[in-house]
Amino acid sequence: MTTRPPQSYDHNADLAACARGDQAALKRLYQQESRFLLGVALRIVRDRALAEDVLHDAFVSIWTKAGSFDPARGEGRGWMCSIVRHGALDLMRSRQRHVDVDEDTLEHLQDADIGTAPDMTDAFALRSTLGRLDDCLARLDVAKRNCVLFAYLDGCTHVEIAERLQAPLGSVKAWIRRGVASLKECLA
């Protein structure tokens, strides 16, 4: 099956069809956007297997939430991208709170003298800082938070962010500047 270029593909129509239960529409959306959306997830989670899991979960969400998509609030492709991005960020947040330790390492840590492991304090301090950053990000309004995350996690330029959010370039620059200033103040 050939796919149409993104400019002529009607994401909104296929999302509406998904809301009506049209499985073929979901298949078309997957064929059209899965590579791009996998790239979005991969840039955030940095692991292909995890990115594929995020993509799978995102398409389940797209299928189940298609009825909530409102074309008056934005384009279908952007809506799908935000589902993937939020899923990837949620996964990363949950992984930051969970520390995997194999049995050998656990035994070594239990047998080691606490005074001989000063670098563990740094690791715990880093975990604490990351948790504070997550809290500070949650305090930002949605526009500032999205701009900061697009810029620093996805590596988007100001122009790309403005296109994704369908917002004026000057507003995006101001949101990033104010968002970063708020984060610095919150973390201080």
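**Contacts, burial and ring pairs in a helical chain**

Tutor: Leaving out residues up to four places away in sequence, Arg28 touches Tyr9, Asp14 and Asp22. This is a predicted model, in which local features need pLDDT of at least 70 and side-chain atom pairs count only at pLDDT 80 or more, while totals for chains, interfaces and linings use all residues. Residues are numbered from 1 along each chain as its sequence is written, and side-chain values use heavy atoms, with hydrogens and water left out.

Student: Why is Arg28 called partly exposed?

Tutor: With a 1.4 Å probe and protein chains only, buried means under 20% relative accessible area, exposed means over 50%, and partly exposed is in between. Arg28 has 27% relative accessibility, so it counts as partly exposed.

Student: Why is Asn146 called buried?

Tutor: Its relative accessible area is 12%, so Asn146 is buried. Asn146 sits in helix 7 (residues 142–152) and, beyond four places in sequence, touches Arg85 and Leu165.

Student: How many helices and strands does the chain have?

Tutor: There are 9 helices and 0 strands. Both are DSSP runs numbered from the N terminus: helices are H or I with at least four residues, strands E with at least two.

Student: How does the span of helix 3 compare with the expected value?

Tutor: The expected span is 1.5 Å times one less than the number of residues. Helix 3 (residues 48–65) has 18 residues and an expected span of 26 Å; its first and last C-alpha atoms are 25 Å apart, which is close to that value. Its buried residues include Leu50, Val54, Phe59 and Ile62.

Student: Which residues have the most contacts inside the largest nonpolar core?

Tutor: They are Leu29, Phe59, Ile62, Met80 and Ile161, in a core of 45 residues. Helix 2 gives the most to this core, with 9 residues. A nonpolar core is a set of buried Ala, Val, Leu, Ile, Met, Phe, Trp, Tyr and Cys residues joined through side-chain atoms within 4.5 Å. Beyond four places in sequence, Ile62 is in contact with Leu15, Leu26, Leu29, Trp79, Met80 and Ile83.

Student: How many aromatic pairs does a search of the whole structure find?

Tutor: The search finds 2 aromatic pairs.

Student: Why is the pair of Tyr30 and Phe59 called edge-to-face?

Tutor: Rings of Phe, Tyr and Trp (its six-membered ring) pair if their centres lie within 6.5 Å; planes under 30 degrees apart count as stacked, over 60 as edge-to-face and the rest as tilted. The centres of Tyr30 and Phe59 are 5.0 Å apart and the planes are at 70°, so this pair is edge-to-face. Tyr30 is in helix 2 and Phe59 in helix 3, so the pair ties together parts 29 residues apart in sequence. Tyr30 is partly exposed at 40% relative accessible area, whereas Phe59 is buried at 7% relative accessibility.

Student: What makes the pair of Phe69 and Trp79 tilted?

Tutor: The planes of Phe69 and Trp79 are 55° apart, with 5.4 Å from centre to centre. Phe69 lies in the loop between helix 3 and helix 4 and Trp79 in helix 4, so the pair ties together parts 10 residues apart in sequence. Phe69 counts as buried at 11% relative accessibility, and Trp79 counts as buried at 17%.

Notes: Contact means heavy atoms within 4.5 Å.
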